[in-house]
Amino acid sequence: MPSKKALIRRPGPRIAEGLVTGVRPPVDPGLALRQWAAYVETLAAHGWQTLEVEPADHCPDAVFVEDTVAVFRNVALIARPGAPSRLDETPGVEEAVARLGASVNWVWEPGTLDGGDVLKVGDTVYVGRGGRTNADGVRQLRSAFEPLGARVVAVPVSKVLHLKSAVTALPDGTVIGYEPLVDHPSLFPRFLPVPEEAGAHMVLLGSGKLLMSASAPRSAELLADAGFDPVLVDIGEFEKLEGCVTCLSVRLRDLYA
């Protein structure tokens, strides 16, 4: 059976110093920790085994653990973050995926790759080519995953921080996104626009349940009308830092015991 494991990393004391592309809003570290705990509890309540990665408290953005690795089948490609301040986030994640039995590869200089730029839809792996992931990072991801049967598609990203800041995918493979922030919706065979930026972000919990931000009620209603079951969580402190529900965990569905 496919696994339902999720790597998580608790927010550190410097989270309010996290990177942002615009003006930095005030962030409440205590509230962020409570919101993170509720997010983790929601994963567990829907059958996910959560595995906490060793803290990296000197790295303000370490809670956004998805950016540190991309996984396809049983291969984990350890990222080389495009922001130099995030380079120290990867060793703990490398140790965690190795303990779980993944085959570990690495992105090497001059390549840069953030896991938030990688969206898997079946055997298709979309990778955002933008500010945090460069052409050599895309090349190295292709070299790691195509021998496993992946079809790697590079997607321009210029309007948001990461590809998964703009789009994610429903269980049937339909890509959803907030259209003003998607560079080329036509690159996706099936694309469904949603009415809110935060509505573009979801984690597939299983059995038609979609983990979504409470800040996207109209998008949740749209998807409920389509037959899905949105499960809403408040991650407002992380959204101030341009985070979303996907980047707070690494879902490992293809690891087998």
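The cover over the buried residues of helix α2 includes strands β1 (5-8), β3, β4 and β5. Here buried means under 20% relative accessible area, exposed over 50%, and partly exposed in between, with a 1.4 Å probe and protein chains only. Helices (H or I, at least four residues) and strands (E, at least two) are DSSP runs, numbered from the N terminus. The model is predicted, so local features need pLDDT of at least 70 and side-chain atom pairs count only at pLDDT 80 or more, while totals for chains, interfaces and linings use all residues. Residues are numbered from 1 along each chain as its sequence is written, and side-chain values use heavy atoms, with hydrogens and water left out.

Helix α2 spans residues 90-99, and its buried residues are Thr90, Gly92, Val93, Ala96 and Val97. These residues lie on the same side of α2, because they cover an arc of only 160 degrees around the axis; the arc is that of the directions from the helix axis to the C-beta atoms. An α-helix has 3.6 residues a turn, so residues three or four places apart point the same way. Just after α2, Gly101 takes a positive phi of about 95 degrees.

Helix α3 (residues 135-145) has Gly137, Val138, Gln140, Leu141, Ala144 and Phe145 as its buried residues. They too are on the same side of their helix, α3, since the arc they cover around the axis is only 165 degrees. The buried residues of α3 pack against β3 (69-72), β4 (75-78), β5 (103-106), β6 (118-121), β7 (124-129) and β8 (151-156), where contact means heavy atoms within 4.5 Å.

Leu141, in helix α3, counts as buried because its relative accessibility is 0%. Leaving aside residues up to four places away in sequence, Leu141 touches Ala70, Leu77, Leu113, Val118, Val125 and Val152. Ala70 is 71 residues from Leu141 along the chain, and their C-alpha atoms are separated by 8.5 Å.

Some backbone details fall in the loops. Arg73 sits in the loop between β3 and β4 and has a phi near 55 degrees, a positive value in a residue other than glycine. With 35% relative accessibility, Arg73 counts as partly exposed. In the loop between β5 and β6 lies Pro110, which is joined to Glu109 by a cis peptide bond with omega of about 15 degrees. Ser207 is in the loop between β12 (203-206) and β13 (209-213); its phi is also positive, near 55 degrees. Ser207 is exposed, at a relative accessible area of 78%.

Of the 257 residues, 52% count as buried. Along the principal axes, the C-alpha atoms fill a box of roughly 45 × 40 × 40 Å. Among contacts between residues at least 6 apart in sequence, 66% join residues at least 24 apart.

The accessible surface comes to about 10800 Å², of which 54% belongs to carbon and sulfur atoms; accessible areas come from the Shrake-Rupley method with a 1.4 Å probe, and for residues only the protein chains shown count as cover.
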